Amino acid sequence: MRRSLADTPVFAISRQEGGHIVLSEARGARVHIFVLEDDIIRVAVLPDGGWKMPSTWAVTPGGDDVPAEGRLREDISGFSCPPYVLSEERGILTIETARLRVSVKLAGFSCRWALKRGDDWVPIARDRFTQAYDFGWWDGRVRHYLARPDSEKFFGLGEVSGDMDRVGRRIRLSGTDALGYSARSSDPLYKSVPFYITYDMKTKTAFGLFYDTLSDCAFDFGCERSNYHGRYRLFEAEHGDLDYYVIAGPEIADVTRRFTWMTGRPAFMPKWSLGYSGSTMSYTDAPDAQARMDEFLAKCAEHDILCSSFHLSSGYTSIGAKRYVFNWNRDKFPDPAGFVANYAAHGVKLAPNIKPALLRDHPLYDECAREGFFINDELGQPLLVYFWDALGSYVDFTNPRAADWWTAQVRRALLDVGMAATWNDNNEYEFKDPAAEVALFGKPRAAVEMKSLQSLLMLKASRAAQLAHAPEKRPYLVTRAGGAGVQRYAQTWSGDNATAWETVKYNIKMGLSSALSGVSNTGHDVGGFAGPAPDAELFLRWVEFGIFMPRFSIHSWNDDGTVNEPWMHPSITAHVRDLIKFRARLEPYLYDLAYRSHCDYEPMVRPTFFEFPDDPRTFEENDEMMLGSSLLVAPVVEAGQTERRVYLPAGADWYDFWRGEMFEGGREVTVPAVWGKPPFFARAGSIIPANFAEQHFARSADERGFFIFPRVAGHSDATCFEDDGETFAFVSGRFAQWSVLVEADAALRIGVSRSGSFGATPKTVKLVLPVSERRSVTLLNARLVHDVASPEGRVLEVAF
């Protein structure tokens, strides 16, 4: 409904039911305000009075999933809806919880926000004074303008390119198959998570903004300027409703945890998903693909490369040069079941690539077209799109029958053959036809309004297949695309990155941005996917970084036909082998982080400012990251480096992991950057669970122990989760927990215990102290078997 700029809407309360307040005005516009938690208030601005998209697939507070047909936007179940104070004075409506306050100017509608910190209300945001919303003045797009003080920094939006701080950027979220993208500048990329965190450097206060939209959208953080409106930032979406959530901090960590909780519990993947995963397009593209795949196992054995899974590229589905999902090329793979069984016998799980589009000459295309399983064009025929160098059609997962068909095909073609997982790829739904239509559960809509929904529902259908096939096992899915809430279903990665030093540098930031946005079980194609083969130095430095990411996979499609493999450069193969084994040593720590992410919504990786917000230097752009709260990783991101300068955040002391030297925080240090020994540090007081068993390819073993990095003085403690690594038995209480405590002063007193219903407590454990630690040790509930120096540090073997 068009209106003149001189026609200012004046709102008044028309309905109030608990935490749901509705404001209305004379020409029919409505604003819904929901008081959901003490730290979460939601605002929905509906210029025409009604919902354009009445359901959400992103919000499920503390939940594991959302119904396939979505959750009604006015459904506030799962939120506590706390008491609040509502008052109105001089045209200003104020809504105040114990932690968050919004003051609404009723004439024209604009909001000011404040967060309670101690006894004070700290201003955190305000709409710009001029036309913050579109009440029919412009073209009907969704827009929201806020003022932008110079003291603010902006973080998030999921996995996007460039620096962590988005100031000065305009960023689009529109799922795109961005082959060979620049991690520094390409835009848009694969995923769409319309959530960001504002941090004010003056007030040291954070809050989050989540725009619940499925539409392609854009965020402007000062790239756009106007003489008439002051400094502002902008959210703009092509379709849907303006429905946003304000999440109060005061810390960035508070905001990330709360947003993750609100959009759903991160899936707890099986332990083997944390191991090295092999992959390349070259093997399955070869005419003798099964033999090439078997050669990979032989090479792993030859070089003693630990490998727990393999991402099977789509060449196994080929007919000629094209890809046909759910087809097995029997010339390349004469015996699929035998092939899968051979990998299983070597302890390597297979995750086959699946794509949500069928080419026109696919053996199943006509059947799917007859049944109406595709997104349709304006004539009701399957929408044709370019997909892998040919014309094809996308499966419409908003049609329940199409989703059920997909689930059945995943089981028949893959899981029944013995596959352990699904690799959901090319699922960005990259098309722009405004007339294309989806079924949307019996209420047809324009397909372009909800492309990211297709990505989520594809994952939901694939996951349903895995649960139906093996209901006792936790599913492992990988996805390239997705929207807010994707962490409920899958591990992800940053897509088809380019082989370049710049990519290493900026993939670090992309992964951290994703983690701040609720999706921390992520990684990158180590070595680079597209472009020239990496030289030995670049490849090794990439591996040194990659072993600290939740997903660790070496994958490639090199221009010269070579393959990124652990043994691709003989001069460094031993280093790569040892780094993969070191990752296996840290697997108990990674697994515990995955469990904490699932239970407590903690990101597995995080920027240093997440842990140390009181140190302003951590907010400067850097190439460092935290793995959990205990380990600071400083990848080498430039060629020819023999040293690495690292800033150690104030608020902790730090141990050089390899040398055992302790440094006071709040200073910059220079440490060796020896090949095969990536610079990283342990926070003083940290206790890192580890597996000290001697491990070899196809022969797993577990010898539990802990790296202990004592404080100079004081108490430290830690717990570590342990279960069978694969089933849902932990939900019913079948798990164990290790507890370790350390009291430090002139001597060390260490206690170690294990409780729970899973497995037997081992007779001995290893405790490894820094090589520089010389204080005497008293064990509180065990006896010392031996205390010896080793290259790893001072090793105590302890018997219960």
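Mentor: Ground rule: helices (H or I, at least four residues) and strands (E, at least two) are DSSP runs, numbered from the N terminus. This is a predicted model, where local features need pLDDT of at least 70 and side-chain atom pairs count only at pLDDT 80 or more, while totals for chains, interfaces and linings use all residues. Residues are numbered from 1 along each chain as its sequence is written, and side-chain values use heavy atoms, with hydrogens and water left out.

Trainee: Where does Thr 503 lie?

Mentor: In helix 8 (residues 501-516).

Trainee: Is Thr 503 buried or exposed?

Mentor: Thr 503 has 2% relative accessibility, so it counts as buried. Buried means under 20% relative accessible area, exposed over 50%, and partly exposed in between (1.4 Å probe, protein chains only).

Trainee: What is Thr 503 in contact with?

Mentor: Skip neighbours within four places in sequence, and you get Ala 183, Asn 497, Ala 498 and Trp 542. Contact means heavy atoms within 4.5 Å.

Trainee: Switching topic. Which residues touch the most other members of the largest nonpolar core?

Mentor: Ile 252, Met 262, Phe 296, Trp 406 and Phe 431, out of 152 residues. Helix 9 (residues 536-546) gives this core its largest share, seven residues. A nonpolar core is a set of buried Ala, Val, Leu, Ile, Met, Phe, Trp, Tyr and Cys residues joined through side-chain atoms within 4.5 Å.

Trainee: And Trp 406, what is in contact with it?

Mentor: Beyond four places in sequence, its contacts include Val 325, Phe 326, Ile 354, Pro 356 and Met 458. Another core, of 47 residues, lies apart from the largest one; Trp 137 and Leu 242 are among its members.

Trainee: How many aromatic pairs are there?

Mentor: The whole structure has 71. Rings of Phe, Tyr and Trp (its six-membered ring) pair if their centres lie within 6.5 Å; planes under 30 degrees apart are stacked, over 60 edge-to-face, the rest tilted. Take Phe 79 and Trp 261: edge-to-face, 5.8 Å centre to centre, with 80° between the planes.

Trainee: Why does that pair tie together parts 182 residues apart in sequence?

Mentor: Because Phe 79 is in the loop between strand 6 (71-72) and strand 7 (85-89), and Trp 261 is in helix 1 (residues 252-263). Both Phe 79 and Trp 261 are buried.

Trainee: Last one. Why is strand 12 largely enclosed?

Mentor: Six of the six residues of strand 12 (residues 142-147) are buried, so the rest of the structure largely encloses it. Val 142, His 144 and Leu 146 point one way, and Arg 143, Tyr 145 and Ala 147 the other.

Trainee: How many bridges join strand 12 to strand 18?

Mentor: Six, and the strands run antiparallel. Strands pair if DSSP finds at least two bridges between them. Tyr 145 has Leu 234 of strand 18 as its bridge partner.
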